[in-house]
Amino acid sequence: QVQLVESGGGLVQAGGSLRLSCAASVSIFSTNTVGWFRQAPGKQREWVAFISSGGRKNHTDSVQGRFTISRDNAKNTVSLQMNSLKPEDTAVYYCAARRFPWVPWGSWGQGTQVTVSS
C-alpha cells in the first residue's frame with residue numbers, strides 16, 4: 001500500500017504564497033495520476049488540481065492562474081504552488097493517487113491545513 005504524506009501547510013495572509021508537497025513512500029508518480037483536493041469546514045471535498053503520469057495538468061477554475069501543480073519523479077514528490085491566496089482557499093489539503101481514470105482515488109494522505117487570513 002502506497003502511503004502519501006502532505007506537508008507545507010500553514011497560516012498566511014491573503015495575497016501570500018505557500019508550497020505544498022506530497023511525498024510517496026515508493027516511486028509511483030511516473031505511473032499514476034496524482035491529485036490535490038481540499039475540504040473546507042462544513043463543505044464537501046473538492047478537487048483542486050491533478051497531474052497525470054504523462055505530465056498533463058489540470059486545475060479547477062477557482063485556482064486557475066494562481067495555483068500550479070508539478071511533479072519531481074526523482075524525489076517522488078508532487079507539489080502545489082499556491083500564489084495570491086484568498087481566505088476562501090482555507091481548507092485541509094489532501095493528495096491522492098490513482099493509476100486509471102476509472103478507479104477511485106486512493107492512498108489518501110492525512111492532509112495539511114492551509115489557513116488564509118484576511
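Which residue does a disulfide join to Cys-22? The legends below, which describe close-up views of a predicted model, begin with this bond.

View 1. A disulfide joins Cys-22 to Cys-95, with an S to S distance of 2.1 Å, and the count of disulfides in the model comes to 1. Cys-22 belongs to strand 3 and Cys-95 to strand 9, so the bond ties together parts that are 73 residues apart in sequence. The torsion about the S-S bond is about 75°, so this disulfide is right-handed. Both cysteines, Cys-22 and Cys-95, are buried.

View 2. An open sheet is formed by 4 strands in the order 1-3-8-7, and their pairing is antiparallel. Its edge strands are strand 1 (4–7) and strand 7, each of which pairs on one side only, and the twist from one strand to the next averages 15°. Strand 1 and strand 3 run antiparallel and are joined by 4 bridges, and Val-5 stands opposite Ala-23 of strand 3.

View 3. With a relative accessibility of 41%, Thr-68 counts as partly exposed. When its neighbours within four places in sequence are left aside, Thr-68 is in contact with His-59, Ser-79, Leu-80 and Gln-81. The C-alpha atom of Thr-68 is separated by 24 Å from that of Val-2, a residue 66 places away along the chain.

**View 4. Asn-76 in a loop.** Asn-76 is placed in the loop between strand 7 and strand 8. Is this residue, Asn-76, buried or exposed? Asn-76 has a relative accessibility of 18% and therefore counts as buried, the cut-off being under 20%. Leaving aside neighbours within four places in sequence, the residues in contact with Asn-76 are Cys-22, Ala-23, Ala-24, Val-26, Ser-27 and Phe-29.

**View 5. The largest nonpolar core and Tyr-93.** The largest nonpolar core has 26 residues, of which Trp-36, Leu-80, Met-82 and Tyr-93 touch the most other members. Among the elements that give two or more residues to this core are strand 3 (18–24), strand 4 (33–39), strand 8 (77–82) and strand 9 (91–98). Not counting residues up to four places away in sequence, Tyr-93 touches a list of residues that includes Trp-36, Leu-80 and Met-82, together with Leu-20, Phe-37, Val-48, Phe-67 and Val-114.

View 6. The model has 3 salt bridges. Arg-38 forms one of them with Glu-46, where the closest N and O atoms are 2.7 Å apart; Arg-38 is buried, with a relative accessible area of 6%, whereas Glu-46 is partly exposed at 36%. Asp-89 forms a salt bridge with Arg-38, the closest N and O atoms here being 2.9 Å apart. Since Asp-89 lies in the loop between strand 8 and strand 9, and Arg-38 in strand 4, this pair ties together parts that are 51 residues apart in sequence. Asp-89, which counts as buried at 1% relative accessibility, also meets Arg-66 in a salt bridge between their side chains (2.8 Å, N to O). Through shared partners, the salt bridges join Arg-38, Glu-46, Arg-66 and Asp-89 into one network.

Terms used: Residues numbered from 1 in each chain as written. Predicted model: local features only at pLDDT ≥ 70, side-chain atom pairs only at ≥ 80, totals over all residues. Heavy atoms only, no water. Core = buried A, V, L, I, M, F, W, Y, C linked by side-chain atoms within 4.5 Å. Buried < 20%, exposed > 50% of the residue type's maximum accessible area, 1.4 Å probe, protein only. Contact = heavy atoms within 4.5 Å. Pairing = 2+ DSSP bridges. Axes fitted to C-alpha atoms, helices over the stretch in contact; angles between N-to-C directions. Disulfide = S-S within 2.5 Å. Salt bridge = Lys/Arg side-chain N within 4 Å of Asp/Glu carboxyl O.
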